[in-house]
Each structure stands twice: as structure tokens, then as C-alpha cells.
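Thank you all for coming; I would like to walk slowly through one structure this morning. Please have a look at it before I start.

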Amino acid sequence: MPDTPSAHNLVQSSAHGSSRLRYSLIVFAGGACYGIIGSVVKLAYGDGFTFPQVTCTQTVFALATFLLLALFDKLRGFRRVRLSWKERLQLGAMGLVSAGTTTFYYLSLSMLPASVAIALLFQFTWMGLVFEVACTRKRPHGASLVSVAVILGGTVLASGLAEGTLEALNPLGILCGLAAAVCCASFMFLSGRVVTDAPVQQRGLWASVGYFAAGLAVCPDYFASGALTSGLWSYGLVLGPLSFVLPMMLFGIGCARISPGLSTIMASSELPISIACAVLVLHEAVTPLQLAGVAVILLGVVVAQLPSFRGMTVSKGGTS
């Protein structure tokens with residue numbers, strides 16, 4: 001006669017593992033969006049647009065996208081949650097944090113080799129675990145610790161840092177790169193904790209207000225410059241959704257249902273995607289060592305998911 005409580009526990013373990021894997025893949029997709037924007041920004045720079053103009057453009061189109069989504073929701077009679085001004089300010093602050101990731105990362109790229117800047121940005125993988133431990137007072141899962149170590153090692157290879165001889169680095173550039181990593185980890189942490197009971201479109205609308213405010217602070221003369229009508233709008237159509245709208249919605253769904261540490265690990269999809277885009281869009285050369293680094297990063301992502309796979313496997317074996 002089967003042990004009913006044991007079988008029930010196995011079914012619960014399988015369901016939890018399946019859910020964990022599903023939401024992890026959603027966060028993985030959010031990180032992939034960030035991986036695409038690097039190539040788009042380089043194309044915009046190649047067309048003569050400046051860092052402040054590109055930065056502000058993506059905030060303008062992010063806000064415009066969420067305004068359109070709000071209008072669509074209103075037309076179809078979708079009822080929104082009533083938010084207090086405190087909650088709206090919290091979401092706006094989260095948008096400012098997201099803008100900080102882009103701003104500091106783009107600044108570090110202007111002062112450091114790209115390989116060094118992206119290596120600094122990817123310090124968000126262990127920073128996310130630090131946030132989790134500090135807030136929950138719980139030790140991270142062993143698989144997460146191993147995964148972070150593997151991903152960081154792969155980052156050094158995939159970024160090309162292991163192949164270059166580093167000259168004197170700009171201290172301000174290093175600070176900007178680390179600040180981008182802190183902002184990235186903070187945004188993902190907040191995505192799973194700030195006003196999570198509101199619909200993702202509504203959360204995104206108020207967050208995009210803060211995001212837009214940061215963009216105007218970077219480029220106050222944006223609308224007067226004429227850059228938007230000079231062709232920058234075409235880049236904004238891509239950068240707005242990919243730099244903020246999709247990550248905001250995907251992280252909002254996924255990060256609220258998995259741990260902050262695992263969220264940052266899954267968002268490391270940004271680096272392999274950025275390298276793939278550099279090859280396909282910018283036609284940049286990639287060395288075998290960089291490809292090996294991408295493989296190592298993906299291995300680290302798989303290691304982070306071992307508890308999910310183990311739970312589903314045990315359930316299948318136990319219910320046979």
C-alpha cells in the first residue's frame with residue numbers, strides 16, 4: 001500500500017520544482033532583453049547619437065509603451081488596484097534604480113574597455129545573494145553558491161578579460177561599473193518585493209515615470225535637440241521595450257516567485273545573449289575562449305536549477 005503522505009510530499013516537490021523552473025526561465029528571458037540592447041546602443045552611437053540622447057530616448061519610449069498599455073487596459077475595462085502615493089513613489093524609485101543600471105553601465109563603457117565594464121557589471125550575480133542573505137538571514141543553497149562561482153569564472157572568459165593585458169584603469173570607470181552592478185542587483189531584488197500585488201502593467205507605469213525622470217536628468221535638452229525626429233525614434237522603438245518594459249514585466253512576474261539570489265543568477269543570460277548579438281548584428285569576432293566562457297555561464301545556470309530538476313526526478317521515480 002503506498003505511503004500517502006510521502007506520495008503527497010513528492011507531488012508537492014515536483015510541483016514546486018516545475019514552478020521554480022518556469023519562473024526562473026521568465027527571469028532568464030528578462031536578462032536576455034538586456035543582452036540585446038548593447039548592440040542596439042552601439043548602432044545608435046555609430047549613427048552619431050550621443051550617450052545622453054540614447055539614454056533619454058529609451059526612457060521616453062518606455063513611458064510611452066506603458067501609457068499605451070494603460071489606455072488599452074482602460075478600453076477593455078480592466079480594473080486596476082488602487083495604489084497609495086507611498087506605493088507609487090516606491091515604484092518610481094524602483095524605476096530610478098533601473099535607470100541607474102543603464103546610466104552607470106554606459107558611463108563605464110566610455111571610460112573602460114568593454115570587457116572590463118561587462119565584467120564589473122556581472123558582479124550583480126554575487127550581490128544578489130548578499131541581498132538575499134542580509135534580508136532573509138538564511139544561508140543560500142549550496143547549488144547557488146557553486147553556480148555563482150561558475151558564472152563569475154565564465155564571465156572572465158566570455159568578456160575577453162582573460163585574454164587582455166590590463167593597462168591603468170580609470171578609477172571613476174571602475175566605480176561606475178560597480179555602481180551599475182549594485183543598481184542591477186537592487187532592481188531585481190525590488191522587482192520581487194515592491195507592490196507585488198498590483199498588476200505588472202500598473203507597476204510598470206509608475207516605475208517608468210521614475211525611469212523617465214532619470215532620462216531627462218541625463219539629457220535636459222532632449223526634446224529641443226531634435227534628435228528624436230532625426231532618426232533616434234527608430235532606436236527608441238527597440239530600446240524602450242527591451243531596456244525597461246519587458247524586463248520590468250518579466251522580472252515582476254518571476255522575481256516575486258523565486259529567491260533574489262536565484263533571480264540574479266538566471267539574469268546572467270545577458271552576457272551570452274550580448275555576445276551572440278555582437279556576432280550576428282555587429283559582426284564582431286569572438287574567440288574560442290569567449291565561446292568557452294559562454295558555455296561555462298550556461299553551465300552555471302543549469303547548476304542553479306539542479307534542486308528543481310532533482311525534485312521533479314524524485315517525484316517521477318517515487319510515484320511510479
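This is a predicted model: local features need pLDDT of at least 70, side-chain atom pairs count only at pLDDT 80 or more; totals for chains, interfaces and linings use all residues.

Let me begin with a question: does Val195 count as buried or exposed? At 8% relative accessibility, Val195 counts as buried, where buried means under 20% relative accessible area, exposed over 50%, and partly exposed in between, with a 1.4 Å probe and protein chains only. Val195 is found in the loop between helix H7 (171-191) and helix H8 (200-218), and although Val195 is not a glycine, it has a positive phi of about 45°. Helices here are DSSP runs of H or I with at least four residues, numbered from the N terminus.

Residues are numbered from 1 along each chain as its sequence is written, and side-chain values use heavy atoms, with hydrogens and water left out.

Now to Ser108, which is found in helix H3 (residues 85-111) and is buried, with a relative accessible area of 0%. Not counting residues up to four places away in sequence, Ser108 touches Ala117, Gly173, Cys176 and Gly177, contact meaning heavy atoms within 4.5 Å.

Lastly, the structure holds one salt bridge, that is, a side-chain nitrogen of Lys or Arg within 4 Å of a carboxyl oxygen of Asp or Glu. Arg76 forms this bridge with Asp73, the closest N and O atoms being 3.2 Å apart; Arg76 is partly exposed at 48%, whereas Asp73 is buried at 2%.

Conventions:
Helices (H or I, at least four residues) and strands (E, at least two) are DSSP runs, numbered from the N terminus.
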